[in-house]
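I opened a notebook page for this structure and wrote down what I looked up, in order.

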Amino acid sequence: MSLLEIRDLGKSFEGRPIIRDISLDLEEGETLALLGDSGVGKSTLFNVIAGFLRPDRGDILLDGRSILGQTGHFSYMLQKDLLLPHMKIVDNVSLPLRIRGIAKKEAREKANPYFREFGLEGTQTFYPAQLSGGMRQRAAFLRTYLAEGRIMLLDEPFSALDGVTKKDLITWYREAKDHFHLTTLFITHDIEEALLLADEILLLQGKPGTISRRFRPNLVKKEGMELEEDFFRQKTEIITCFQEGYSVK
Ligand SMILES: Nc1ncnc2c1ncn2[C@@H]1O[C@H](COP(=O)(O)OP(=O)(O)OP(=O)(O)O)[C@@H](O)[C@H]1O
Ligand SMILES: [Mg+2]
């Protein structure tokens, strides 16, 4: 039994099917990427998984039990999840604790020890505008982590960053996910990002969007792989999968 099992999910909006037949398994500690073009239904799928949208059909099991329509099981970072500009970083990241009814002082005390591990030491009293893009994103990761869900649901967590910052943050997340024993389901439309981070990549294609291929990256080492032959071969393989997928539909 996997930690998360998704079975035959389908969702329509006003009679228009958006996603269909979505099934996936996520094991504890695993990182899974959902890779697909804009509009294929990635965020819709996340909103169904998080319990914000009711699917037309299918089921979602956590530890073998259905959690359909329930919220609170996941640490969900929404697409373009911004820090609140008027709030200090420590208060921004401890928001999930405040939402659970924890007092401000206690929430700050609980968040504080994580600042060093998230590379944010000394920024507690800063405002978001005083941080670099990479630091802001790490603060958003910390806020998501402090929601204490069983699984991190990250909707395009790196897409707002420039190339170098993005690479650094992917490297950082790879270490963080081992250190904090994170189980992660993330959305991207960047093949390289998916290859560098994921244990398994699911390609979403078509209208309605469905999983067209499943791909297990097979890189000996992920550090600096962008320059390696192995990396290019697998990137090309995924691009080919996309092209074939389109020609079928
Ligand atoms: N609440 C809604 N009501 C009606 N249609 C919606 C709603 N939410 C999303 N859609 C439609 O569903 C489709 C999929 O949207 P979704 O946001 O899931 O795509 P996405 O894959 O996340 O795209 P992107 O990569 O651009 O974020 C789009 O055509 C969108 O217009
Ligand atoms: Mg989206």
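The entries below go from the whole chain to single residues.

**Conventions.** I worked with a predicted model, in which local features need pLDDT of at least 70, side-chain atom pairs count only at pLDDT 80 or more, and totals for chains, interfaces and linings use all residues. Residues are numbered from 1 along each chain as its sequence is written, chains are lettered from A and ligands numbered from 1 in the order in which they are written, and side-chain values use heavy atoms, without hydrogens and water.

**Whole chain.** I found nine helices and 10 strands; these are DSSP runs numbered from the N terminus, helices being H or I of at least four residues and strands E of at least two. The radius of gyration is 18 Å, which agrees with the value near 18 Å for a compact globule of 249 residues. That radius is taken over C-alpha atoms, and the globule rule is 2.2 Å times the number of residues to the power 0.38. Along the principal axes, the C-alpha atoms fill a box of roughly 55 × 45 × 35 Å.

I noted that 50% of the 249 residues are buried (buried is under 20% relative accessible area, exposed over 50%, partly exposed in between, with a 1.4 Å probe and protein chains only). Of the contacts (heavy atoms within 4.5 Å) between residues at least 6 apart in sequence, 65% join residues at least 24 apart.

Ser43 is partly exposed because its relative accessibility is 22%. Gln79 has 34% and so is partly exposed.

**Backbone.** Most residues other than glycine have a negative phi, and most peptide bonds are trans. I therefore listed the exceptions, starting from that rule.

- Asp8, in strand 1 (residues 4–13), has a positive phi of about 50°. At 45% relative accessibility, Asp8 is partly exposed.
- Asp21, in strand 2 (residues 16–26), has a positive phi near 50°. Asp21 is partly exposed, at 44%.
- The peptide bond from Lys207 to Pro208 is cis, with omega near 0°. Pro208 sits in the loop between strand 9 (200–205) and strand 10 (210–215).
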